[in-house]
Amino acid sequence: MSSEPIPLGKALASFDALWSPRIVTRVNDYDVRIAKVEGEHIWHVHDDTDEFFLVLDGELHISLREPDGERTVLLPQGAVFTVPRGTEHRPHAPSGAAILMFEPAGTPTVGDRHDEIPDHVDATTGHALNT
């Protein structure tokens with residue numbers, strides 16, 4: 001990890017891949033990841049960890065399957081949202097977005113349980129940031 005400040009704009013400009021997060025830094029045992037997203041991710045669940053989202057640019061939608069039914073939260077630029085552990089969810093960004101996620105190092109982007117993984121979704125625990 002870098003011992004210098006990391007401009008997020010420069011970090012985001014260093015890659016084009018969608019749904020393929022880059023690890024910007026670590027905080028204790030947590031990854032701080034950034035990603036460019038557009039279209040739909042997959043329905044998935046993180047059994048043992050919450051998942052934090054911050055929208056840096058654009059708008060992110062997160063559909064949730066909860067005990068009372070399905071709902072979608074809309075996150076405009078600057079908004080944060082935490083998906084509670086064990087909640088089935090599907091992020092999507094019809095017009096594209098740049099996001100920052102905070103989750104335990106080694107957490108797979110497709111969770112512990114998930115739908116079939118399409119080619120446009122990178123099943124990873126995050127890639128190193130090459131700026």
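**Strands and cores: a quick chat**

Me: Hi! Which residue in β8 is the bridge partner of I34?
Reply: In this predicted model, I34 has L100 as its bridge partner in β8.

Me: How many bridges are there between β2 and β8, and in which sense do they pair?
Reply: There are 10 bridges, and the two strands pair in the antiparallel sense.

Me: Nice. What about β1 and β2?
Reply: Those two run antiparallel as well, with five bridges joining β1 (residues 22-27) to β2. One of the pairs is R26 with D31 in β2. The two strands make a hairpin with two residues between them, and N28 in the turn has a positive phi of about 55°.

Me: Changing topic: which residues touch the most other members in the largest nonpolar core?
Reply: That core has 17 residues, and V37, F53, L60, I62, L75, F81 and I99 touch the most other members. Two or more residues come from each of β2, β4, β5, β6, β7 and β8. β8 gives the most, with four.

Me: And what does I99 touch, leaving out residues up to four places away in sequence?
Reply: I99 touches R33, I34, A35, V37, F53, L54, V55, L56 and L60.

Me: Where does I34 belong, then?
Reply: I34 is in a second, separate core of nine residues, which also includes F15, V24 and V32.

Me: Last one: is H41 buried or exposed?
Reply: H41 counts as buried because its relative accessibility is 8%, under the 20% cut-off. H41 lies in the loop between β2 and β3. Beyond four places in sequence, H41 touches W19, R90, P91, T109, V110 and V121.

Note on methods. Residues are numbered from 1 along each chain as its sequence is written. This is a predicted model: local features need pLDDT of at least 70, side-chain atom pairs count only at pLDDT 80 or more; totals for chains, interfaces and linings use all residues. Side-chain values use heavy atoms; hydrogens and water are left out. Buried means under 20% relative accessible area, exposed over 50%, partly exposed in between (1.4 Å probe, protein chains only). Contact means heavy atoms within 4.5 Å. A nonpolar core is a set of buried Ala, Val, Leu, Ile, Met, Phe, Trp, Tyr and Cys residues joined through side-chain atoms within 4.5 Å. Two strands pair if DSSP finds at least two bridges between them.
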